[in-house]
Amino acid sequence: MLRIPCPFCGDRDEAEFRCGGELPREIPQPGVDDDAWSDYLFNRDNPKGLVHERWCHSFGCNQWFNVVRDTVTHRIHAVYRPGEPRPALDGPCATAAKSGG
Amino acid sequence: MRGYSFASLLGRALRGHRGWPPAWRSADPGKAYDVVVVGAGGHGLATAYYLAKNHGITNVAVLEKGWLGGGNTGRNTQVTRSNYFWPQSAAFFERSLKLYEGLSRELNFNVMLSQRGILTLAHSHHEMEALRRWANAIRINGIDSEVLTPAEIGRLVPLINLDARFPVHGGFIQRRGGISRHDAVAWGYARAASALGVSIVQQCEVTDFNIDNRRVTGVSTTRGSIAADKVCICVAGHTSVLAAKAGFRVPVTSMALQAMVSEPLKPCLDTVVISPVIHMYVSQTDRGEIVVGGGADAYNSYAQRGGIPLLEENLAALIELFPAFSRLRLMRQWAGIVDITPDTTPIMGHTPVRNLYVSGGWGTGGYKAIPAGGETMAHTVANDAPHPLIAEFGLDRFESGALIDEGAASGVAH
Ligand SMILES: Cc1cc2nc3c(=O)[nH]c(=O)nc-3n(C[C@H](O)[C@H](O)[C@H](O)COP(=O)(O)OP(=O)(O)OC[C@H]3O[C@@H](n4cnc5c(N)ncnc54)[C@H](O)[C@@H]3O)c2cc1C
Ligand SMILES: [Zn+2]
């Protein structure tokens, strides 16, 4: 069971949340070729390691926010609100919030 | 290669089962191959076997970072069926089921195919309407499927609780569907490929591709560099990781799909029962264990272990539908990393790198596809052109928009 630190409500159990998947890359400008559109719409980095993703606290405050999580250990390294800059993750413990389980 | 037969079994039994030769040869990596297959799961092994058997290409190595069949092929719940909705999927999965029907003989290895029928349930009037449409589409594709009333389901599966929290409104059955033995499929293909000259190399992780002018020339591995004219990626949940090493991205998300088995029981359930809505499916193995599974944990994962919330959901659904199972003890629970595509149809064929091919995106349902997957991939690699059955499964469908949305047939129903 993950313990996810919602930036609005604090630590809650995974069952209250919905994962919205990896943060997409920047939306392409109109007029780019099919290749670029298809890459934006369908392709994913799907990293083995740290992933930047969106979660929604659906059975809580119902707000979306961003999570930096390790896909191998499931450890949550940081959470941040929409619009906030991506936290720098240089040290092993550069967490903006407590880690998940 | 020595054949397995009743006489050979009996002879060995009388001599205390001593002196059986190894089923397949565990090779050391060579310097160069015509084809290198990455990943010794069912798809990699079957591809190597059909390259040797159907196309005479025997200078082939299958490189495996762990042990043979240790990925999803050895972790799945063995559901074998062809009741898909779209004609492209139906043709492909029906070919696979046909190959399964002759596989024990073809490989001289008992894959224990048991066509006990696979029953899909509906829990509301509207779901029943959708199921009827699906069942009819299957028949129009020339594949067996039969709609059943709740009373017929009660007779077929006496332990089921038809008046559950979400009552059973009906269902449909593919009687040719069922289960088979996953380890036997991996070992059967390994043994048959090895006998034709294919090298199976374990403990050999592919760490990079050698690419010259957008054409693959070999792979780097933890056991040295290996040259290859052609390379085929068959690594399931690690498809994105290997694609990234070759310099391209794929429409794949890796997630943990879990399953569990109970202590063994006397025979009590001789059908596979699937409920897409309450997210649970169950069958009983020949050893008597009750096998239960459901959907994947709903976030990216490479952890190869299942989360507790989903386990609880699966078991709650199981106990509501089969109250008698509430007293069972679970023996094991595990997970595999499945490679899910946006339309839940596999990705097979060319990649942006020349002579580099991919067979992936098998998601939660690629076990049943192993024979046809291997056969069509071998054709594709040998001829550098997609086999007609998989012509529409290429990566290019994400550019043309011609997705094959099999969510309904392969979402939870493995
Ligand atoms: C719990 C569970 C239940 C399932 N139930 C069903 C079911 O009932 N019916 C069904 O049809 N399907 C089912 N599936 C899906 C099915 O198991 C898979 O789609 C199928 O086994 C995929 O086969 P594969 O050969 O592509 O992958 P795998 O068997 O996973 O093989 C890939 C291999 O590649 C190796 N590898 C990875 N990276 C590298 C590298 N860099 N170098 C070398 N080797 C590497 C891995 O170690 C692995 O052995 C289920 C899956 C799971 C996890
Ligand atoms: Zn919240």
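What does the secondary structure of chain A come to? I get one helix and six strands for chain A, taking helices (H or I, at least four residues) and strands (E, at least two) as DSSP runs numbered from the N terminus.

Bookkeeping before I go on. This is a predicted model, where local features need pLDDT of at least 70 and side-chain atom pairs count only at pLDDT 80 or more, while totals for chains, interfaces and linings use all residues. Residues are numbered from 1 along each chain as its sequence is written, and chains are lettered from A and ligands numbered from 1 in the order in which they are written.

**Confidence.** I looked up pLDDT, the predictor's confidence in each residue, from 0 to 100. Chain B has a mean pLDDT of 95, with 98% of its residues at 70 or more. For the complex I noted an ipTM of 0.92 and a pTM of 0.96.

**Chain A.** Along the sequence I read the pattern β-β-β-α-β-β-β. Of its 101 residues, 23% count as buried; buried means 20 or more other C-beta atoms within 10 Å of the residue's own, exposed 12 or fewer, and partly exposed in between, with C-beta atoms placed from the backbone. I then checked contacts (C-beta atoms, placed from the backbone, within 7 Å). In chain A, 49% of the contacts with a separation of 6 or more join residues 24 or more positions apart.

**A against B.** I find 20 residues of chain B in contact with 21 residues of chain A. On the chain B side, the elements giving two or more residues include helix H8 (239-245), strand S12 (253-262) and helix H9 (308-321). The largest share, three residues, comes from S15(B). By class, that side of chain B has twelve nonpolar, six polar and two charged residues. My classes: Ala, Val, Leu, Ile, Met, Phe, Trp, Tyr, Cys and Pro are nonpolar, Asp, Glu, Lys and Arg are charged, and the others, Gly among them, are polar.

**Domains of B.** Chain B splits into domain 1 (28-79 + 85-91 + 182-251 + 343-410) and domain 2 (115-177 + 254-340), with bounds from an automatic or database domain assignment. Their C-alpha centres lie 29 Å apart. I count 20 residues of domain 1 of chain B in contact with 20 residues of domain 2 of chain B. The domain 1 side has seven nonpolar, twelve polar and one charged residue.

**Ligand 1.** Where does ligand 1 lie relative to domain 1 and domain 2 of chain B? Both domains give residues to the shell around ligand 1, so it lies between them. I took residues as near if the C-beta atom, placed from the backbone, lies within 6 Å. Of the 40 residues around ligand 1, B:Gly39, B:Gly41, B:Gly71, B:Gly336 and B:Gly366 come nearest. The shell has 14 nonpolar, 21 polar and five charged residues.

**Cores.** I defined a nonpolar core as buried Ala, Val, Leu, Ile, Met, Phe, Trp, Tyr and Cys residues joined through C-beta atoms within 7 Å. In the largest one, of 126 residues, B:Val36 and B:Val38 touch the most other members. Helix H7 (residues 182-195) of chain B gives the most to this core, eight residues. A second, separate core of eleven residues includes A:Trp55, A:Phe65, A:Val68 and A:Val79.

Just after H1(B), I noted a positive phi of about 70° at B:Gly16.

Conventions. Two residues are in contact if their C-beta atoms, placed from the backbone, lie within 7 Å.
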